[in-house]
Structures are given as C-alpha cells and as structure tokens.
Amino acid sequence: MSKGDGRAKKEAYFQKLTQLLEEYPTIFIVNVDNVGSNQMHQIRHSLRGQAVVLMGKNTMVRKALRNLIPDNPNYEKLMNAVRGNVGFVFTKGDLKQVRESIVSNRVQAPAKAGAVAPVDVIVPAGNTGLEPGKTSFFQSLTVPIPTKIARGTIEISTDVQLIKAGNKVGVSEATLLNMLNISPFTYGLSILSVYDAGTIFSPEILDIEESTLIGNLLKGIQNIAAISLALGFPTVASVPHSLINGYKNVIGIALATDYSFEAADRIKEILADPSRFAAAAPAETAAAGGGAAQEEKEEEKEEEEEDDDMGFGLFD
C-alpha cells in the first residue's frame, strides 16, 4: 500500500469519526479483548438500527480528537478514556437497551495459556472418559485433582477449583481443560464507561432507578432547607418554611396582644369558648345526616304511592 493510500484511509477515518461525534450524543467506550472478527460482525449486525460500532488505532483516535478539542473541549475527557484495546459504540437510543444488546453477545472460548482468567474455573466431579494412563497428569497439576479408575476410565472424585479469577492460566491447566473439552470462559464487548453530552460516567449509573434519583433529590432539598433555616439565609428551598414559621409567629403575637386580623380573630373565638365550636360540629353533622334520612323517607313514600296507583283489584 502506498503512502498516498494510507493517508487517504486516515483522512476517511477522521471524517467518519468526526461525523459520528457530531451526529450521536452518546458513546459507549468498550473493551474488545479476545473478541474475534466473526463475533464483531455478529455484534455489529445485532446493533443495526440502534447503534454504530467504530474501531481504530488509539493513536488515530487521539489525533482526531485532539484536532476537534479546540471546537469542543469536552472531547478531552473522551480522549483520556482511549486506553488499551477499546472501541466506540455510538447511539441515540435508550441506553439500557443498547447496553443490553452490547453485553449480551458473548461466545464460549477455551482457556489459553497465559490468558488472565475472568472467572473462577471449576473442574466438576465425574467420569472424564480418559484412559487410566493419564492419571499422573492430574496429580502433577499445581492444584492436584483427586481421581479414581472406574470402568476402565479416569473419574474425578470431587469438584476442584483449578484456576482463580484474576490468575493467569498455566500451560498444564489449559491442556487439561482442552482434554476435558471444557471452555470455561465467555468473551464479548465489556463496557468501560459512557460518554454522554460532555460527561463521562460509569455504566453502573444506568442501573439507578428514577425513584432513587427523586428520593435523593428530595433529601438534598430537605438538607438545604434545614441548613438555610439554621443560618437564617433564605433560599428557594427554605422560603416556604420561613413564610409558614413567620405566619405562626404573627398568630402567636396576635393571641398574646390586642392586635387582631381575620385569621387571628377566628382562633381567639375558638379559644374563648371551645364548647360552642365543639357542639356546633356534631350539630352540623347531625343536620346533614337528618336531611339525608328525610330525603330517603320521601323517596320511599313516593315509591309506595306509585305502587298503589299501579295496583289492580282481583275483579277489576
């Protein structure tokens, strides 16, 4: 490939990245370790209509972003996330749905020597189908596996944790797992972070429910109101409480002095003769109940009269 062809491809890549950055507000930064080309093709196909996957060398991505930073300083945050074997998934859709589509595409893979185990590897008890001559191989492992001969084949006596998550797979462990036809790992895209409208956050943020956000917001408003009231510093959160407290104080002053206004006069009347208001309340309730009962009786009487009018004698 000539230098001119390479330069043209770089220019085309820069243009495509710029176009996607302008068109899509949200980007999933994903790790693509151990993801093959065939699996990547399947992932692109599953995301069709929801998102666009763009891969590229980190140096090219950083150079493109560096050229765009003067126009949009937020891209500097995105450039800092370009580390390791990563790619971009651009989307306009629902973030939870797109995330599910990204992480759901995983394939079984055998353990390779030197690879870091993403999960614990357990060798289950049971018949292996291997000939007795390979018994010594099970005993030579870093973690010896108890075996016995059953019906002319090797049988593993108990479950054994062969590899711990985070440890590297040894040559003997990889050989044993391949002999047993065990593919302990699954590989696919893993989401490292999310870039949305100039902000980068962890994908775990997407698991927070709306009710939790509202609850935290209300709690924050309560704290602001309490602090504002304690300091005597008015804020939007504290003003309603200040007005209510001020109204209570005015009522208290009016009750303690000769100063009066409509609301205070009502309270003074109640305090002056509580029995009158206590007796009035049941009377009003009884009057309302009596009126309803009277209406029911009148309706029953009218129904009886109608029945009499409609009656016929035996010999009519």
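Arg7 is exposed, with 52% relative accessible area; here buried means under 20% relative accessible area, exposed over 50%, and partly exposed in between (1.4 Å probe, protein chains only). This residue sits in helix α1, which spans residues 3-23. Helices (H or I, at least four residues) and strands (E, at least two) are DSSP runs, numbered from the N terminus. The model is a predicted one, in which local features need pLDDT of at least 70 and side-chain atom pairs count only at pLDDT 80 or more, whereas totals for chains, interfaces and linings use all residues. Residues are numbered from 1 along each chain as its sequence is written, and side-chain values use heavy atoms, with hydrogens and water left out.

Together with Lys10, Lys57 and Lys63, Arg7 forms a positive surface patch. Patches consist of residues with over 30% relative accessible area and no salt bridge, like charges being joined within 9 Å and nonpolar side chains (Val, Leu, Ile, Met, Phe, Trp, Tyr) within 5 Å. Lys and Arg count as positive and Asp and Glu as negative, while His and the chain ends are not counted. Each charge is placed at NZ of Lys, CZ of Arg, CG of Asp or CD of Glu. A nonpolar surface patch is also present, made by Ile214, Leu217, Leu218 and Ile221 and covering about 360 Å². Accessible areas come from the Shrake-Rupley method with a 1.4 Å probe, and for residues only the protein chains shown count as cover. Ile214 belongs to helix α8 and is partly exposed at 43% relative accessibility.

Salt bridges come next. Side chains of opposite charge can pair when their charged atoms come close. With a salt bridge taken as a side-chain nitrogen of Lys or Arg within 4 Å of a carboxyl oxygen of Asp or Glu, a search of the whole structure finds three. In one of them, Glu23 pairs with Lys92, the closest N and O atoms lying 3.7 Å apart. This pair links distant parts of the chain, since Glu23 is in helix α1 and Lys92 is in the loop between β3 (86-91) and α5 (95-104), 69 residues apart. Glu23 is partly exposed at 34% relative accessibility, and Lys92 is exposed at 53%.

Another salt bridge joins Asp207 to Arg99, with 2.8 Å between the closest N and O atoms. Asp207 lies in the loop between β12 (199-201) and α8 (210-231) and Arg99 in helix α5, so the pair ties together parts that are 108 residues apart in sequence. The two partners fall into separate accessibility classes: Asp207 is partly exposed at 46%, whereas Arg99 is buried at 18%.

The side chains of Lys148 and Glu155 also meet in a salt bridge, at 3.8 Å from N to O. Lys148 is partly exposed, with 45% relative accessibility.

The strands around this pair deserve a look of their own. An open sheet of three strands has the order β6-β8-β7, with antiparallel pairing. β6 (126-127) and β7 (147-150) stand at the edges with a single partner strand each, so one side of each is left without a neighbour in the sheet. Two strands count as paired if DSSP finds at least two bridges between them; β7 and β8 (residues 153-156) run antiparallel and are joined by four bridges. Among the residues involved, Ile149 has Ile154 in β8 as its bridge partner.

The hairpin of β7 and β8 has two residues between the strands, and Arg151 takes a positive phi near 55° there. The positive value occurs although Arg151 is not a glycine. Arg151 is exposed at 80% relative accessibility. A further positive phi, near 60°, is found at Asn181, again a residue other than glycine. Asn181 is placed in the loop between α7 (171-179) and β10 (185-187) and is exposed, with a relative accessible area of 70%.

Val160 lies in strand β9, which covers residues 160-163, and is buried with a relative accessible area of 8%.
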